[in-house]
Amino acid sequence: MSDFSAAFGAAIEMITSGNPQLVGIVLLSLKVSLSAVLVASLIGLPIGALLAVARFPGRRTLIVLTNALMGLPPVVVGLVVYLLLSRAGPLGELGLLFTPQAMVIAQAILVLPIVIALTRQAAEDAWSVYRDLLRSLGASQWRSAVTLLWDIRASLVTTVLAGFGRAAAEVGAVMIVGGNIDGVTRVMTTAIALETSKGDLPLALGLGAVLISIVVAVNAAAYLVNEWSARRYG
Amino acid sequence: MGMTRRSFVRLVCDGCMALAATASLVANAADERYITVASTTSTEASGLFDFLLPKFEQKTGIEVRVVAVGTGQALDIGRRGDADVVFVHDAAAEKQFVAEGHGIDRREVMYNDFVLVGPTSDPAKVAGISDVAAAFAKIAEAKAPFVSRADRSGTHMAELRIWDAAGIDIDERKGRWYRETGSGMGAALNTAAAMDAYVLSDRGTWLSFENRRNLAILVQGDPRLFNQYGVILVNPAKHPDVKQQQAQKFIDWLVSDEGQAAIAGFRLRGEQAFFPNADGRGR
Amino acid sequence: MTQAGSLLAPLLPLYLRAVTVIAGGKRILDGVNLTLTTGARTIVLGPNGAGKSVLLRVCHGLVRPSSGEVRFNGPERIDGRRRHAMVFQRPVMLRRSALANVTHALALAGVPRARRQQTAEEALERVGLMRLAGQPARVLSGGEQQRLAIARAWALRPELLLLDEPTANLDPTATQAIETAINAVHAAGTKIVMVTHNLGQAHRLGDEVVFLDAGRVVEHVPMSQFLASPGSAEARSFLRGELPWA
């Protein structure tokens with residue numbers, strides 16, 4: 001129990017003192033995970049909606065595949081991206097290894113299947129209701145997909161949040177492709193791993209508390225946005 | 001199209017901004033003044049880099065980015081050309097690295113030592129023994145819990161050499177008492193603390209380790225526990241992207257009077273943790 | 001709506017020749033032959049399972065016949081915009097305001113941006129929903145939503161409007177409002193084809209009847225004739241069932 005109270009104390013102290021190192025780590029975590037979710041959403045939302053609307057050979061295989069890829073182990077993704085971005089690898093020219101950009105790429109890959117699979121499910125449910133109307137209006141597949149995306153936006157907020165949660169919580173991918181470099185690629189999860197390995201468990205727990213608080217805050221903000229939207233548009 | 005078109009356009013704009021930001025960061029990265037050093041978790045965990053690097057950065061304006069992993073992985077990073085400098089503590093592996101042509105100009109920088117840490121209850125009765133190989137033999141005899149990093153790190157290699165010196169084929173003798181965690185030093189210490197087990201640790205990590213519980217240093221000072229650090233420039237002939245000029249500055253600084261004095265000045269819990277011993281080119 | 005409209009062949013008549021729809025092993029439509037012309041308001045009647053809904057969907061292109069031909073006199077699209085529209089039994093409302101439901105439908109149908117706002121407002125005006133234009137469509141009552149659906153369909157200025165039991169779920173007041181709206185649409189020049197179970201409504205709104213039974217068109221006659229003296233046994237049986245006191 002003393003570990004937990006020490007951790008609680010460490011967390012409070014860190015937050016209130018505005019420790020600049022902590023601030024830097026928190027900002028980088030947010031930047032990396034939010035960017036990853038943004039990239040994954042830009043790609044995944046349209047694909048998910050189109051998967052719900054379009055019919056083509058191999059569609060069902062693709063759906064099963066994206067559902068399965070939701071369970072991609074982060075450390076495996078990290079390793080693969082590392083091998084791709086390494087100087088000895090095919091994309092070495094870009095010099096992206098051990099940078100925040102590499103972390104964004106790795107996390108975007110992790111989040112993409114989640115966005116596609118959850119969007120597809122919500123869009124498919126909506127499509128069963130909207131299909132007659134949209135086909136009646138002669139809407140193209142693409143326009144139908146976009147219409148669905150706007151109408152199911154409340155579910156999409158939850159989807160994006162699920163993606164963000166996945167990105168913010170993982171350590172395996174960002175550790176390998178980022179290298180946990182102090183001041184450059186150290187994010188909350190890798191900092192927690194480091195402090196744990198140094199045996200400073202209260203500090204690690206405290207950082208964990210800060211991380212959870214941030215994720216809760218992001219979720220609360222999204223919930224409020226959904227509420228406001230429901231009030232406005234029904 | 002009202003709402004839908006506006007939100008779609010907004011999405012596209014966000015996407016373009018994200019891509020532009022990424023592109024600009026990629027472009028900038030190329031001409032930033034920094035070098036990448038692949039080193040070990042134990043060196044980083046000791047806090048040496050937090051103490052040492054600002055001195056170098058202030059003097060030269062070159063930022064040093066340390067990727068801290070196990071020795072094996074650090075050398076692998078060097079082989080791939082993903083680092084400019086490799087700074088580890090496994091002389092045999094380092095020499096092979098140079099022999100393979102991946103590194104040039106290996107220099108000895110400093111040494112610290114390993115300590116045999118164990119529970120104060122000391123079931124194998126090794127406390128105070130001066131010969132660490134004998135201590136290991138007693139632990140194997142007693143089948144007392146022993147945590148091994150088992151990750152091909154410098155520490156792990158040192159541990160294996162001691163089993164060898166004790167005449168013990170550890171692959172044969174290991175049983176439930178021999179716990180291979182495959183982890184870094186800190187994690188191994190955590191495990192040993194939780195299990196009241198013996199573990200071989202570098203002094204630096206031990207000095208800054210907070211979660212000691214019932215553990216204490218039981219054996220130290222044996223010359224076999226001597227842990228030499230070497231720094232190697234990743235071969236620019238094989239890996240043209242290596243920032244040779246800046247990396248060489250770092251290596252030269254480490255072995256210079258100034259760098260060596262800085263290393264000697266680093267204190268952990270009031271004790272000197274690393275002992276500078278650069279004396280010209282590596283043997 | 002466009003200059004080309006006057007040069008384009010009229011959408012109707014609509015010809016169905018030997019249209020058969022087989023689904024799940026069942027013949028839902030069985031060799032339907034039908035010609036629908038402008039002018040008369042057509043009511044499709046028949047017992048449950050006769051295939052009335054599917055008939056409408058086949059006309060609208062939502063269901064493809066297993067065999068047979070569905071052919072319009074003129075092209076089905078002008079400037080990318082469909083020339084026939086449909087209103088379903090349960091109105092599907094987009095998650096946006098009433099007005100936005102109409103403007104978005106216009107956008108999906110390919111109407112240029114500049115004309116959408118005005119066209120939408122005119123449509124809402126015609127069905128008496130302008131005062132609710134800014135409300136979220138989903139909070140409107142069932143009757144209001146169905147009126148909105150009609151406005152949305154009519155905003156496209158279709159030459160043919162198909163309605164599938166539009167007032168089945170509505171109370172008499174709302175039903176009356178819908179019937180008024182349908183007549184307004186018809187008065188503006190749109191052909192009406194409607195499925196209903198409400199014979200009173202059929203009588204009020206219909207000029208002619210297409211009577212379907214077991215997937216076949218059994219009768220296609222003026223309304224008064226059908227109600228007064230139906231020609232077929234199936235029709236007589238149907239009317240007896242609907243009006244047991246007759």
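User: How are the helices and strands named here?

Analyst: Helices and strands are DSSP runs, numbered from the N terminus. The model is a predicted one. In chain C, the loop between helix H1 (3–7) and strand S1 (14–23) holds C:Pro13.

User: What kind of peptide bond joins C:Leu12 and C:Pro13?

Analyst: The bond between C:Leu12 and C:Pro13 is cis, with omega at about 10 degrees.

User: Why does B:Asp122 count as partly exposed?

Analyst: A residue is buried with 20 or more other C-beta atoms within 10 Å, and exposed with 12 or fewer. B:Asp122 has 16 such neighbours, so B:Asp122 is partly exposed. B:Arg152 is partly exposed too, because 17 other C-beta atoms lie within 10 Å. For chain B as a whole, 46% of the 283 residues count as buried.

User: How many residues of chain A and chain C are in contact, and which helices of chain A supply them?

Analyst: On chain A, 16 residues are in contact with 17 residues of chain C. Helices H5 (100–136), H6 (141–151) and H10 (201–233) of chain A each supply at least two residues of that side. H5(A) gives the most, seven residues. By class, this side of chain A has seven nonpolar, four polar and five charged residues.

Methods:
Residues numbered from 1 in each chain as written. Chains lettered and ligands numbered in written order. Predicted model: local features only at pLDDT ≥ 70, side-chain atom pairs only at ≥ 80, totals over all residues. Contact = placed C-beta atoms within 7 Å. Helix = DSSP H or I, 4+ residues; strand = E, 2+ residues; numbered from the N terminus. Nonpolar A, V, L, I, M, F, W, Y, C, P; charged D, E, K, R; others polar.
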